[in-house]
Amino acid sequence: MKYILYLFICLTTLSCIAKKTTETTLKNNEKIILVNHQKVTCEGVAVMKCFEIKELKDSIIPDSWSISYSNIEGFNFVPGYIYKLKISEKQLDPDEVPADASTIRRTLVKVIEKTEVTINPLNGKWKVVFIDGVDEKLVSQFSPFLVLTNGKLSGFDGCNRAVISSHKV
């Protein structure tokens, strides 16, 4: 009976290890990337919307997002989620690709994670259009604004810039 229990524990442990390694094992042309929760405005030949991505190397996540001008074949992007994807990349012949297209073809292999992002509706750039006691023409001349982003408030009043950060205690 002891041997059967020991065998069961060993097989269960090995099956868990095998499942974990196959999920993260990559072929030569495969990568793990994160795709941000919204597309951003970018400019190639024309203004368009692009993915923001982070490529994971040895499970290390870079600090900043990079812009990806190309789509990911087979990937159905829905705003409001950060995706962890396994993708394959194929280098295309530059002579056969239009001048404004990417020479890398990305194809979805697997969606590893899909995490919903809670977006603060106040986040974004706010244009100041009225200040009590100040002439409206003066306000529009200086174009003051506030920017709220993830606990950080910054702004410009036409002359001075301000930045304020907050954090939970």
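This is a predicted model: local features need pLDDT of at least 70, side-chain atom pairs count only at pLDDT 80 or more; totals for chains, interfaces and linings use all residues.

Q: How many residues apart are Glu73 and Arg105?
A: Strands (E, at least two residues) and helices (H or I, at least four) are DSSP runs, numbered from the N terminus. Glu73 is in strand E5 and Arg105 is in strand E7, residues 104–116. The pair links distant parts of the chain, and the separation is 32 residues.

Q: Why does Glu73 count as partly exposed?
A: Buried means under 20% relative accessible area, exposed over 50%, and partly exposed in between (1.4 Å probe, protein chains only). Arg105 is partly exposed at 35% relative accessibility. Glu73 is partly exposed because its relative accessibility is 42%.

Q: Which residues are linked with Lys31 in a network of salt bridges?
A: The structure holds four salt bridges. Glu55 forms one with Lys31, the closest N and O atoms being 3.4 Å apart. Glu89 also forms a salt bridge with Lys31, at 2.9 Å between the closest N and O atoms. The network links Lys31 with Glu55, Glu89 and Arg106.

Q: Is Glu89 buried or exposed?
A: Lys31 is partly exposed, with a relative accessible area of 24%, and Glu55 is partly exposed at 26%. Glu89 has 16% relative accessibility, so Glu89 counts as buried.

Q: What is the angle between the planes of Phe51 and Phe75?
A: Rings of Phe, Tyr and Trp (its six-membered ring) pair if their centres lie within 6.5 Å; planes under 30 degrees apart count as stacked, over 60 as edge-to-face and the rest as tilted. The structure holds seven aromatic pairs. Phe51 and Phe75 form a tilted pair, 5.8 Å centre to centre, with an angle between the planes of 50°.

Q: Which residue forms an edge-to-face pair with Phe75?
A: Phe75 is buried, with a relative accessible area of 12%. The edge-to-face pair has its centres 4.8 Å apart and its planes at 90°. The partner of Phe75 is Tyr83.

Q: Which residues do ring pairs link into a cluster?
A: Phe51 lies in strand E3 (residues 47–56), and Phe75 in the loop between strand E5 (72–73) and strand E6 (81–91). Tyr83 is buried, with a relative accessible area of 2%. The cluster consists of Phe51, Phe75, Phe77, Tyr81 and Tyr83.

Q: At what distance from the ring centre of Tyr81 does Lys114 lie?
A: A charge sits over a ring if NZ of Lys or CZ of Arg is within 6 Å of the ring centre and within 35 degrees of the ring normal. Lys54 lies over the face of Trp65, at 4.6 Å from the ring centre. Lys114 lies over the face of Tyr81, and the distance from the ring centre is 4.4 Å.

Notes: Residues are numbered from 1 along each chain as its sequence is written. Side-chain values use heavy atoms; hydrogens and water are left out. A salt bridge is a side-chain nitrogen of Lys or Arg within 4 Å of a carboxyl oxygen of Asp or Glu.
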